[in-house]
Amino acid sequence: MSRRRTLSTKKKLALLVSAAAVAGGGAFAFAATSNASSVQNAASSTVCQGLATAFGNNEKFIADQRAAPDAQSEARIANREAVLAQIKVQQEASGCEVGESAQGSQTVAPPAASTPPAASAPAESAPAEDTGAEAGAGAATGEQVCNGSTVTLSGEAGAPAASSNQFPAGTLLKVTNLDNNKSTTVEVTATSGSCALLNNEAFELVREPGKFLIRNALIEKVG
């Protein structure tokens, strides 16, 4: 007749704890492995998305260059095609789909409609100075002209003469130095940047000794 072994209550409790510990350890190991796998997959997904975005951006650049080419487009396209080849190598090494393309996720907001500037009244133009030949040519004989103008010498030799930016050649001008009351009448023979620019001989007739500028002058058109 066989004897059945019976386990005490303490031994039964110890066996149950051991079994629970083994089961719990296995569950923890499985959970740790699962979490690591999830992190790795997420990282791989991020890498693949980044490579796909870079691939798409370079494809778009090439398309834009081909749509509106210039002298440097071919060189730029060749450079970007080399970049695409390198991205494919990285995609393969990272376990991504080779040649996967995605445009960047950032969107550029369309520019706001420009508001046309308010119509403004045309700026008033300053009155033009009487510096053209036609302005002085209309002066009457014996009329004072070029009020406030100074008179200097041109440095040119020859018989007394003048040049002017307001009077045509052949006009006779009387220049009076009011500081010494000396006057000379000269013919305009050339164009200059002044109302009355006297050559050396004409200037000597009205100048004050040692001075090369007549500030207080009276200029009249006499013929």
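Which two side chains are joined by a polar contact of 3.2 Å? They are those of Ser192 and Ser163, and the legends below place this pair in its setting.

**Figure 1. Overview of the predicted chain.** This is a predicted model, in which local features need pLDDT of at least 70 and side-chain atom pairs count only at pLDDT 80 or more, whereas totals for chains, interfaces and linings use all residues. Residues are numbered from 1 along each chain as its sequence is written, and side-chain values use heavy atoms, with hydrogens and water left out. The chain contains 4 helices and 8 strands (DSSP runs, numbered from the N terminus: helices are H or I with at least four residues, strands are E with at least two). Their order along the sequence is α-α-α-β-β-β-β-β-β-α-β-β. Of the 223 residues, 22% are buried (under 20% relative accessible area; exposed means over 50% and partly exposed lies in between, with a 1.4 Å probe and protein chains only). The accessible surface is about 15,400 Å², and carbon and sulfur atoms supply 55% of that area (Shrake-Rupley method, 1.4 Å probe; for residues, only the protein chains shown count as cover). Among contacts with a separation of 6 or more, 74% link residues 24 or more positions apart (contact means heavy atoms within 4.5 Å).

**Figure 2. The open sheet of 8 strands.** The strand order is S1-S8-S4-S5-S3-S6-S2-S7, and the pairing is mixed (two strands pair if DSSP finds at least two bridges between them). Strand S1 (144-145) and strand S7 (213-214) are the edge strands, each pairing on one side only. Strands of a sheet pair through backbone hydrogen bonds, either parallel or antiparallel.

Figure 3. The S4 and S5 pair is antiparallel, with 6 bridges. Within this pair, Val175 lies opposite Thr184 of S5, while Leu173 has Val186 as its bridge partner.

Figure 4. S8 is largely enclosed by the rest of the structure because 4 of its 5 residues are buried. S8 also runs antiparallel to S1, to which 2 bridges join it; in this pair, Val145 stands opposite Ile219. Not counting residues up to four places away in sequence, the residues that Ile219 touches include Glu143, Val145, Cys146, Val151, Lys174 and Cys195.

**Figure 5. The nonpolar cores.** The largest nonpolar core has 18 residues, and those with the most contacts inside it are Cys146, Val151, Phe167, Leu198, Ile214 and Ile219 (a core is a set of buried Ala, Val, Leu, Ile, Met, Phe, Trp, Tyr and Cys residues joined through side-chain atoms within 4.5 Å). Two or more residues each come from strand S4 (172-177), strand S5 (182-191), helix H4 (200-206) and strand S8 (217-221). H4 gives the largest share, 3 residues. A second, separate core of 8 residues includes Leu51, Phe55, Ile77 and Cys96.

Figure 6. Glu100 is placed in the loop between helix H2 (73-93) and helix H3 (133-137). Its relative accessibility is 26%, so Glu100 counts as partly exposed. Although Cys48 is 52 residues away along the chain, its C-alpha atom is 8.4 Å from that of Glu100.

**Figure 7. Ser192 and its polar contact.** Ser192 occupies the loop between S5 and strand S6 (197-198). Ser192 is buried, because its relative accessible area is 15%. Its side chain makes the 3.2 Å polar contact with that of Ser163 (a pair of N or O atoms within 3.5 Å; within protein, one must be able to donate a hydrogen and the other to accept it, and residues adjacent in sequence count only if both atoms are side-chain atoms). With neighbours within four places in sequence set aside, Ser192 is in contact with Ser163, Ser164, Asn165 and Leu197.
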